[in-house]
Each structure stands twice: as C-alpha cells, then as structure tokens.
Amino acid sequence: RVLFRSYFPLPNNLGGGFQNYLNNGVGKLDPRSDTFRIDQNFSDKFRAFFTLAHDNIQVINPYVQLLNASFFPTIYQSEHTTSWTGAGNLTMVLTPKSTNEIQYSFKIFDVNLLLQDQTASAVRPSGLTIKDFYPGANSLNLLPNITFGQGWGPIGTSVLPLSPATDDTRILSDNFAYVWGKHTLQVGGLWFHYTKDQAVNNATQGAYSFSGIFTNDAIGDFLLGEAASYSESNARFIRNYLFDQTEWYAQDDWRATNRLTLNLGLRAYVIPMVKVAGNQMTSFLPSAYSPSAAPQITSAGVLVPTPNYNPLNGIVAAGQNGVPAGFANTYVGWAPRFGFAYDPTGSGKTAIRGGYGVSYLNAGNDDSSLVLNPPYNVAVSLVNVPLSNPSQGTAKALAPVSLSAFSPSFVRPKVQSWS
C-alpha cells in the first residue's frame, strides 16, 4: 500500500485503455563551455602557449532512465558532468641547428549519475518494512527495483547513484630535432598516465519480479506480496583503474638528392594492461581449471557438488601466484615508419609521395567486468519470495554461473597504414 501510494501516479490517459498513463515530465539539458588561451613569445628563441577549457553539463531525465528502472516521474535521474581540459607547449630554439619542444596535456572528467526526488523519495519511505537479504548492504536505504510482467510499468532506482565516475588522463612529451647536413634528426618520448575511479554497478537495494505465477495477475501477486524472483548484491564498492604507457621514437628526414627525400623512423610502444588498485579483480583461466574439482551437471542443468568440488575452480586473482596484475604482460611493440617524396622533373612543380607505418592501439583491455567476478562480488538469487522478507524465499537450484575472463595471450591491436 505504501509503494502504491508513493510511486504509482494516478491514471492521466483514461482513453488509452490499458496504457492509461503518460509521463508528461520535462527533461532538461543545460550545457556550458568556457575556453581560455594565452600565447607568449618570450624571445625569438623561446615561445609558449597554454589552453584551458571547462565544461559543465547538467542533464535531467523525468524518470529513472538507466536500465529502464522506472517510467514514472516520481523520481528523476540527473547526470552532472564536469571536465577540465588543458594543454601547454614550450618551444625552444637551442642553436641554429637544434630545437626542443615540450608538451603537457590533461583531461579530467567527472560524471555523476544521481537520483532526484520529485513526488516520491528514492529513500524508502517510513512505514515500508521490506527487509534486505544482506543486512547492511543497502547502505543508502534505497527503494528496491520492482518489475512486473504483463506490461505493467516498473518502479525503482536502478543501480543509482553511480558516483564517482572519474577519468584522469595526463600526457607529457618531449621532442628534440637537430639538422645535420642533409639529415633532420628527431628523437623523443611520451608518457601517458591514466587513472579512473568508478562506482561498480551493484544493485544492493534488491530487485523483485512479479510475473503472475500465483494469481495469474502480476499486480495481484504484488498485492499479495508474493514475488516470482528476487536478486541482490552484497556490497557497494568502488574500483580504481590505472596504467602508465610510454613511447619512444627516432626519425631521420634525409634529403638523399635534390629530387628525393626519405623519411625513416622507428617508434617503440610500451603498453601495460589496465590494473586495479589492490589487484581486486579475478579472471577465469582455463589452464588453472582442475576437472577433479569440478561438480557434476545434470541434464536439467543443475549443479551437483562432488567431494572435491571447488566453487573457485579456475578462478585466478590478479597479481598473485605468477598471474600478471592485468592478466597479461606488458606489451612492447616496434613500429617502423618509412616515407618518401620524389620530384620527377626537378622543377619543384610535381611530387610523388608515399609512405608506410605501423602503430599500436591501447584498446581491448577493458577489465571493468572482472571486478564483478567472485569472490569480490556475491549476489543471491531466489524464487517464490515474500515481499516483506526475501530471506524466506527459496534458493534457486545450483547452476553454473557466468564469469568474465581475459585471455593471457591477448595481443594489442596493430594498425598498418600506407599510401
């Protein structure tokens, strides 16, 4: 009764038949961007510039949009994004034949997905005596997620609030050039530092599903307080991701003849895997799986433990027992570069150009799903659950669960370009 009064608005579309409610809430998009730049020539041999940009974006959705938790305007979802982006450059003419350029840039993003009360509160109202399966897991005392079969609209708070969700990227590079006869020699390096703090998508407030299996009517089951199923995670937590990538290069632009210029270079990429602070993630590794510790599986898909059954069979922890912290070793890639420019007539009016180069992408190493593997994340799944106390529900038959895994033989994506 408390849930009905607070979270289900009265019909406003009586002519719509079963679809008797229209959400007339108003969304909002409020962006603002500010940019600042300064250029300074200290002398003919020493100049610099610096840019700074700030973005502030506020988005309001008149319902809980994430995972379609609720279509009613009783609780809004707000997204607040702020960012700072900056770059600095210092160029120095060291001698008539040499220059040096230092660059530094950063990008800092902070995204907060939050709940905004309207006609109802995201926090459980007084008088609502629904219990959680894991005492204390729902530390924010949030409304449970409740879904219905047969076309009825859900209510809930999804996995919100999700805060923090920050990205911090820093890049520092240095490039030195020297003219030596017909050669322009260049050497340099780059340091790429990345950190991310991310609240994990865990629904610790519990999730009920009413299908109509008891009364043939989903709302009838809800009024009786008999849910078909229930799930809940045991904790909210934050994970911190980080890596440091470096690159080094050398290049020679050689004017071989008056008509031919060659560009010869080599870049080394040192790309580590993304790591989680404290190595708080696991992966499934087939080579660590022992058939003797496996359970039996019936034809119905039910898991039957054996005397040697190990529920963590094949699961390895990052940074332990010889397993790399990112589940794959740091990758070192060699990237040659070649180019040419040829003047077939010697008049300077026609040029034939060509080139070939190799590069490597820092991609494919998203390990955010690995932090949800056991034993760091535990969730319960029940059937035939009383709404008032999910601990009185019936445990589902043991069955194999899904796991996330990362291949230890992962190779960085390689790009070959030519023209």
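Where is the place of Gln150? Gln150 sits in the loop between S5 and S6, helices (H or I, at least four residues) and strands (E, at least two) being DSSP runs numbered from the N terminus. Gln150 has a positive phi of about 65° although it is not a glycine. Its relative accessible area is 44%, so Gln150 is partly exposed; buried means under 20%, exposed over 50%, and partly exposed in between (1.4 Å probe, protein chains only).

The model is predicted: local features need pLDDT of at least 70 and side-chain atom pairs count only at pLDDT 80 or more, while totals for chains, interfaces and linings use all residues. Residues are numbered from 1 along each chain as its sequence is written, and side-chain values use heavy atoms, with hydrogens and water left out.

A positive phi of about 60° is also found at Leu67, again not a glycine. Leu67 lies in the loop between strand S2 (46-61) and strand S3 (75-95) and counts as exposed at 64% relative accessibility.

The loop between S5 and strand S6 (165-180) also holds Pro161, which a cis peptide bond joins to Leu160, with omega about -5°. Another cis bond, with omega about 10°, joins Pro374 and Pro375; Pro375 is in the loop between strand S18 (352-360) and S19.

The largest nonpolar core has 37 residues, and Leu3, Ile146, Phe148, Tyr208, Phe210 and Phe222 touch the most other members. Such a core is a set of buried Ala, Val, Leu, Ile, Met, Phe, Trp, Tyr and Cys residues joined through side-chain atoms within 4.5 Å. Elements giving two or more residues to this core include helix H1 (2-7), strand S5 (145-148) and helix H2 (218-224). Apart from this core lies another, of 18 residues, among them Tyr194 and Phe237.
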